[in-house]
Amino acid sequence: NKITSKFLFDSYFFEPHKYDYAFYLIKEGEKGKIQARWYENCMEATFDANDVSGVVFVRCFVRDKEDENARTFDSQKVLLKS
């Protein structure tokens, strides 16, 4: 089982090549992340969900390459059953 997340943007002015992207797989009710994909120039991440159950979501970090300011975006929550 895999979870794939992709950062989608809806602005004509957004220039994807000016940013790096990181993704965390997070389980609701727990501190910290289950898995992470660190900053790189790819707007998509895939996580292994074989041993994951409960309500999870993906947090995407979008970091400006020039000034290193970052914003976060959360996916919808999903219930995984093992």
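Which residue forms a salt bridge with Asp 20? Lys 65 does, with the closest N and O atoms 4.0 Å apart. The model is a predicted one, in which local features need pLDDT of at least 70 and side-chain atom pairs count only at pLDDT 80 or more, while totals for chains, interfaces and linings use all residues. Residues are numbered from 1 along each chain as its sequence is written, and side-chain values use heavy atoms, with hydrogens and water left out.

**View 1. Salt bridges around Asp 20 and Lys 65.** A salt bridge is a side-chain nitrogen of Lys or Arg within 4 Å of a carboxyl oxygen of Asp or Glu. Lys 65 pairs with Asp 20. The pair links distant parts of the chain, 45 residues apart: Asp 20 lies in strand E2 and Lys 65 in the loop between E5 and E6. Helices (H or I, at least four residues) and strands (E, at least two) are DSSP runs, numbered from the N terminus. Asp 20 is buried at a relative accessible area of 14%, and Lys 65 is partly exposed at 37%. Buried means under 20% relative accessible area, exposed over 50%, and partly exposed in between (1.4 Å probe, protein chains only). A network of salt bridges links Asp 20, Arg 63 and Lys 65.

**View 2. Two further salt bridges.** The count of salt bridges comes to seven. One of them joins the side chains of Lys 27 and Glu 30 at 3.7 Å, N to O. Lys 27 is partly exposed at 21% relative accessibility, as is Glu 30 at 47%. Another joins Arg 37 and Glu 40 at 3.8 Å, N to O. Here Arg 37 is buried, with a relative accessible area of 14%, whereas Glu 40 is partly exposed at 37%.

**View 3. Pairing of strand E2.** Two strands pair if DSSP finds at least two bridges between them. Strand E2 (residues 19-27) runs antiparallel to E5, and nine bridges join them; Ile 26 has Phe 57 in E5 as its bridge partner. Strand E3 (residues 35-40) is also antiparallel to E2, with four bridges. Across this pairing, Phe 23 stands opposite Arg 37 in E3.

**View 4. Strands E1 and E4.** Strand E1 (residues 2-6) and E4 run antiparallel and are joined by five bridges, with Lys 2 opposite Asp 48 in E4. In a regular strand the side chains alternate between the two faces of the sheet.

**View 5. The largest nonpolar core.** A nonpolar core is a set of buried Ala, Val, Leu, Ile, Met, Phe, Trp, Tyr and Cys residues joined through side-chain atoms within 4.5 Å. The largest has 15 residues, and those with the most contacts inside it are Ile 3, Phe 7, Tyr 21, Phe 23, Leu 25, Phe 47 and Val 58. E2, E4 and E5 are the elements giving two or more residues to this core, and E5 gives the most, with four. Leaving aside neighbours within four places in sequence, Leu 25 has contacts (heavy atoms within 4.5 Å) that include Ile 3, Ile 34, Phe 47, Val 56 and Val 58.

**View 6. Backbone at Glu 68.** Glu 68 is in the loop between strand E5 (54-64) and strand E6 (70-74). Although not a glycine, Glu 68 has a positive phi of about 65°. Most residues other than glycine have a negative phi. Glu 68 counts as exposed, at 56% relative accessibility.
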